[in-house]
Amino acid sequence: MMVPKWRYLAAAAGMLFGLHLLLSVTSTTYSHHTSITKILPNGAKSSNPTDDSSLYHPNAGAPGWASEHTPWLEGSMVVPPSSIPKNHTDPNRRKAKAVFVVLARNSDLWALTDSMKQMEDRFNHWAGYDWVFLNDEPFDDVFKKFTQSLTNSKCSYGLIEPHEWHQPDWIDEERATAAREEMIRKKVIYGHSVPYRNMCRYNSGFFFRHPLLADYEYYWRVEPSVKFFCDIAYDPFLVMQDQGKVYGFTISLFEYIETIPSLWDSVKDFIKKYPEYIPEGNGMKFLSDDGGETYNRCHFWSNFEIGDLNFWRSEAYMKFFEHLDEAGGFYYERWGDAPVHSIGAALFAKKEQIHFFEDIGYRHEPFQHCPQGEAHSRGKCWCDVSNNFDWEWYSCTNKYVDMFKDE
Ligand SMILES: Nc1nc2c(ncn2[C@@H]2O[C@H](COP(=O)(O)OP(=O)(O)O)[C@@H](O)[C@H]2O)c(=O)[nH]1
Ligand SMILES: [Mg+2]
């Protein structure tokens with residue numbers, strides 16, 4: 001029996017369509033190149049701005065990917081472009097007054113160049129922000145040579161004033177020694193270390209006042225041996241500035257209670273003494289599950305921070321730091337700059353001013369934040385998507401997200 005020609009044609013078309021469907025779901029590259037948006041006229045495609053004039057308009061809505069997975073971003077985040085802005089070589093590119101800040105020892109050099117090279121490759125080669133390095137001892141020429149040679153941006157090397165670094169005279173050394181010995185017995189990490197305590201106190205209350213930072217408004221803290229997994233094709237400093245953010249994080253977690261047993265009592269004293277510094281709509285819910293009575297130990301992991309220097313320089317935070325410093329907990333206990341900054345940010349800022357940089361892939365041993373879904377391919381990230389700390393039991397990011405849910 002003769003089969004009509006049109007039946008062959010229909011069968012072939014059907015097979016081709018089936019193959020297309022199969023490839024669309026199994027291959028992201030194939031589906032990207034053949035997606036319906038590719039054949040729509042320009043105006044019908046989703047916006048993908050690549051010039052500064054249209055980036056980060058404060059009133060722009062949240063992008064599709066954000067509203068789908070990240071309700072806390074709605075109305076506050078706009079679409080980052082998927083590729084490096086075209087005008088990245090333009091010396092007149094709009095920039096924030098921003099800087100990378102690194103606290104390091106000379107011996108941190110090679111662990112630090114690892115981090116720095118990644119930051120340059122992922123972001124700063126086109127963004128062109130300066131670097132400031134701070135140390136309690138003078139940086140040697142080798143350190144200066146090999147850090148400056150990694151970037152076209154200006155590097156400055158600062159010495160920390162001894163009185164801002166060392167344990168103050170008014171600390172009762174006998175009591176501080178006893179506290180350290182107790183922590184050694186309890187095997188608390190860095191429990192034995194005075195330099196570690198100096199570092200935590202310096203980061204908590206002094207770095208933003210260093211003269212080398214005087215002309216800057218925003219900073220990004222970078223530590224030795226960290227990883228930046230994804231290309232950053234937009235300017236996070238401009239996000240901070242244009243959207244009035246004061247603190248940005250990627251990882252949050254619980255603090256070891258042994259290091260901060262009396263911290264929350266000092267915080268409560270401060271709140272009682274200075275209620276005028278605590279705004280409505282702050283991030284208290286991130287810190288406390290009972291309206292401020294007790295601390296749930298949640299903090300942003302401060303080895304990654306993108307922040308507003310003027311926020312730390314504000315009267316509220318300065319008074320807060322002085323209050324904590326007078327209590328002596330940096331030495332009688334082992335208060336970290338992570339809980340101190342986190343409590344400061346969550347108390348004195350509106351919760352919307354704290355930003356989860358969900359699309360910045362980051363690792364500091366032993367945890368990492370790996371962007372999920374579309375953000376992973378947009379950033380050309382190289383982290384394993386299944387290795388992501390965000391929703392692990394020891395993470396606090398769910399508490400951050402929950403703050404934005406009940407309205
Ligand atoms: N100049 C200087 N920097 C330090 C000292 N101790 C720590 N740092 C820096 O402070 C930051 C935090 O220290 P790190 O050892 O990474 O602590 P961890 O991340 O809590 O394990 C890093 O940038 C270190 O390079 C110190 O004694 N002197
Ligand atoms: Mg570290």
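**Exercise 1. Work out what share of the contacts in the protein chain with a separation of 6 or more comes from residues 24 or more positions apart.**

Two residues are in contact if their C-beta atoms, placed from the backbone, lie within 7 Å. Among contacts in the protein chain with a separation of 6 or more, 79% join residues 24 or more positions apart. The model is predicted, so local features need pLDDT of at least 70 and side-chain atom pairs count only at pLDDT 80 or more, while totals for chains, interfaces and linings use all residues. Residues are numbered from 1 along each chain as its sequence is written, and chains are lettered from A and ligands numbered from 1 in the order in which they are written.

**Exercise 2. Describe the largest nonpolar core and the surroundings of Val-99.**

Begin with burial: a residue is buried if 20 or more other C-beta atoms lie within 10 Å of its own, exposed if 12 or fewer, and partly exposed in between. By this criterion, 38% of the 407 residues of the protein chain are buried. A nonpolar core is a set of buried Ala, Val, Leu, Ile, Met, Phe, Trp, Tyr and Cys residues joined through C-beta atoms within 7 Å. The largest one has 83 residues, and those with the most contacts inside it are Val-99, Phe-100, Val-102 and Phe-249. Its largest share, seven residues, is supplied by helix 15 (residues 337-348); helices (H or I, at least four residues) and strands (E, at least two) are DSSP runs, numbered from the N terminus. Beyond its neighbours within four places in sequence, Val-99 is in contact with residues including Tyr-129, Trp-131, Leu-213 and Tyr-219.

**Exercise 3. Decide whether Ala-214 is buried or exposed, and locate it in the chain.**

Ala-214 lies in the loop between helix 8 and strand 4. Ala-214 counts as exposed because it has 10 C-beta neighbours inside 10 Å. Finally, the C-alpha atoms of Ala-214 and Leu-309 are separated by 9.2 Å, although these residues are 95 residues apart along the chain.
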